[in-house]
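User: I am new to this structure. Could you take me through some of its features?

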Amino acid sequence: MRFFRMYRVEQKLFLRTPDVILFNLAMPVVVLILIALIAGNKTEAASGLTFLQSSYVALSTVGICCSAFMSIPISIVEYRSQGVLKRMYCSPCSPARLLACDTIASGVMAVISTAILTAAAVFFFGYRMAGNVLVYMGIWLLTMLSMFSIGLMVASLCRTTKSMNVVTSLLYFPMLFFSGATIPAELFPGGLRAVANIMPLGVGINLLKSVSMGCYDRMAVPVMALIGITVLCGTVAVKAFRWE
């Protein structure tokens, strides 16, 4: 009961943050509408998907990116720098519960972002997925876990708000713009496309595109890569974490 009360408070704080509403919820839908109106039914030669299909898959990860590299590190490092975690350490309300509530609240925001995007794509532009929806959801969740593990690692390693802002900016903006999350990677020149393919979020996006087309024969390597990122970064996050 205490956990759900704390979670409810943290979720309300997320929903009242203008940056979260703008970048997490509004931006993916706006970009999808623009791409759908300009070139929605045109086919990308490199992927075989239409621009609408490719953009939907890529933009479904924007909420993950925003939550992983902005919401989670900012919340945890600010609580640490303000002494909130230290004061809670010996109280009945454990700081671990607070961190769990923050992480879940970030995950819920990513789910809401994708749900709004899906509703817009399906009802306004007639988007239909060729692949298995349940498999797609599983890969999407794996992508979210891997990105969240990176965000938690950053929150554990960064001791000050200033250093956290620098690191999250260096992660967030390249991931958002150069992994294919907002601009289809098929439009990139060869060198930048190669960079997008090896970025953690780019790996998830390419895997999601394959699943959305119903292609499951080349899933093993990217799935193992995402699992490896989750385990490695999650382990570092746990080992390096400090309450103060």
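This is a predicted model: local features need pLDDT of at least 70, side-chain atom pairs count only at pLDDT 80 or more; totals for chains, interfaces and linings use all residues.

Analyst: Residues are numbered from 1 along each chain as its sequence is written, and side-chain values use heavy atoms, with hydrogens and water left out.

User: Which residues make the nonpolar surface patch?

Analyst: V30, I33, L34, L37 and I38 make a patch of about 490 Å². Patches consist of residues with over 30% relative accessible area and no salt bridge, where like charges are joined within 9 Å and nonpolar side chains (Val, Leu, Ile, Met, Phe, Trp, Tyr) within 5 Å. A salt bridge is a side-chain nitrogen of Lys or Arg within 4 Å of a carboxyl oxygen of Asp or Glu.

User: Where is V30 found?

Analyst: V30 is found in helix α2, residues 18-39, and I33 lies in helix α2 as well. Helices (H or I, at least four residues) are DSSP runs, numbered from the N terminus.

User: Is I33 buried, exposed or partly exposed, and what is its relative accessible area?

Analyst: I33 is partly exposed because its relative accessible area is 32%; buried means under 20%, exposed over 50%, and partly exposed in between, with a 1.4 Å probe and protein chains only. V30 is partly exposed too, at 46%.

User: Changing topic, at what angle do α3 and α10 pack?

Analyst: Helix α3 (residues 51-59) and helix α10 (residues 200-212) pack at about 130°, with their axes 9 Å apart. That makes α3 oblique to α10, since angles under 35 degrees count as roughly parallel, over 145 as roughly antiparallel, 65 to 115 as roughly perpendicular and the rest as oblique. Axes are lines fitted to C-alpha atoms, for helices over the stretch in contact, and angles run from 0 to 180 degrees between N-to-C directions.

User: What about α6? Is A105 buried or exposed?

Analyst: A105 is placed in helix α6, residues 95-125, and counts as buried because its relative accessibility is 0%. I116 also lies in helix α6, but I116 is partly exposed, at 36%.

User: How many residues separate A105 from S71 in sequence?

Analyst: They are 34 residues apart in sequence, and their C-alpha atoms are 9.3 Å apart in space. I116 and S60 are 56 residues apart in sequence, with 9.5 Å from C-alpha to C-alpha.

User: And where is A240 found?

Analyst: A240 is found in helix α11, residues 220-240, and is buried, with a relative accessible area of 14%.

Conventions. Accessible areas come from the Shrake-Rupley method with a 1.4 Å probe; for residues, only the protein chains shown count as cover. Helices (H or I, at least four residues) and strands (E, at least two) are DSSP runs, numbered from the N terminus.
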